Amino acid sequence: MYRIDFNKLRFLVCDDNPHMRRILRTLLHSFGAREVYEAEDGATALEMFGHYAPDIVITDWAMPIFDGLELAQMIRQPEANGNPYAPILMLTGHSEKRRVTLARDAGVTEFLAKPVSAKALYQRIVSVVVNPRPFIKTKTYFGPDRRRNVNNAYIGPERRSGDSAETMQQPSLMDKARIAG
Amino acid sequence: MMAKPKPPAPQISAYPDHHVITRPNPLRHAMRYADDTHADDPVARAEQALADLSHQFGGWMTAECGRLIAAHAAVLASGFTPAARDELFRAAHDIKGDAATFGYAAAAAAAASLCRVIEHAPDLAAVPADLIAHHVQAIAAIVREQTDDVRRIAVAETLSTRLREVADDYLRAVNRDRPEHLEAIRAPSIAPRD
């Protein structure tokens, strides 16, 4: 089975509630994380996201002024300077299915309803580290593939057409440097 | 801040109306394979750390309750202004999310009920004042009287269950012509249970 070296991961935690931030910091440090940055609102979190380039973002939803959903939408800007592919875990007191759908459509990678448990948080982090999903870019969406399962019985409308793909290999930075040189 | 490895280049499959972007796992450097006999248990370690922190939970819940009572007092003084509404909702919402982690499951349930009233009532000014006041008072009482006594825990659970029933009756009645709210009120919660 896979284990995660948490000391090689950098976390950004965004929650306006200081008690919940303390809980999350305690859990992440107990898992082995050393780098845990904290923000108490979405605007600060976005600034820290650009500055610290975290590997994983854990955010609350309900926060004043600039909430966790807006934070996810800001991070998932494909042309942004930061890493738009960073896994985003939405950890929230909202516990309705429609909220899950809204979060998913904002590009959230995993949704975790409070109350938080050590086991549930650990499992979500393992999931995003070990099984990253491909990203989908459409006119209206940029984020992790929202299709987690292949459902052959699905008969509703398709949001995407499945014609044959043209595959492009993006050059790595090293290749670009070689070409430029 | 430790240096991070360069992100690997993505492979992009272009379809007529979307792109599928696949990247080599950028967090692979943090993965290692371990056999099942590996003695380390990070979840158990984290649970122990939470248990070590638990002596502070009572004080934290008292502070959360104080915030809820102050938010309710602001509503009583000035009515449901947008700021007062938001603060009452956030205070209740925080208790809904935190209280079960801190060992106050009945307070979390009562706070969840209050959140539903604030979220789904079509006109907050028309909500019976007692319905909101009874939620706030119940949460405060449950936190104040926190106990290990199973009979008193049962009383707290009965209180929060009854509040939820009354709140849901009210919400169903006032939302009878608002199907999207009725659906949300009737939908089961996805919050994890013990």
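Helices and strands here are DSSP runs, helices (H or I) having at least four residues and strands (E) at least two, numbered from the N terminus. The views below show a predicted model.

**View 1. B:Pro26 in its loop.** In chain B, the loop between strand 2 (19-22) and strand 3 (31-33) holds B:Pro26. A residue counts as buried if 20 or more other C-beta atoms lie within 10 Å of its own. B:Pro26 has 20 other C-beta atoms within 10 Å and is therefore buried. B:Asp169 lies 143 residues from B:Pro26 along the chain, and the C-alpha atoms of the two are separated by 50 Å.

**View 2. Helix 5 of chain A against helix 1 of chain B.** The crossing of helix 5 of chain A with helix 1 of chain B is right-handed.

**View 3. Residues where the two helices meet.** From helix 5 of chain A come A:Ala118, A:Lys119 and A:Tyr122. They meet B:Pro42, B:Val43, B:Ala46, B:Glu47 and B:Leu50 of helix 1 of chain B. Sorted by class, this contact has 6 nonpolar and 2 charged residues, with no polar ones.

**View 4. Chain A.** Chain A contains 6 helices and 9 strands. Of its 181 residues, 41% are buried. Among contacts in chain A with a separation of 6 or more, 60% are between residues 24 or more positions apart.

Note on methods
Residues are numbered from 1 along each chain as its sequence is written. Chains are lettered from A and ligands numbered from 1 in the order in which they are written. This is a predicted model: local features need pLDDT of at least 70, side-chain atom pairs count only at pLDDT 80 or more; totals for chains, interfaces and linings use all residues. A crossing is left-handed if the near helix is turned anticlockwise from the far one by less than a right angle, and right-handed if clockwise. Two residues are in contact if their C-beta atoms, placed from the backbone, lie within 7 Å. Ala, Val, Leu, Ile, Met, Phe, Trp, Tyr, Cys and Pro count as nonpolar, Asp, Glu, Lys and Arg as charged, and the others, Gly among them, as polar. A residue is buried if 20 or more other C-beta atoms lie within 10 Å of its own, exposed if 12 or fewer, and partly exposed in between; C-beta atoms are placed from the backbone.
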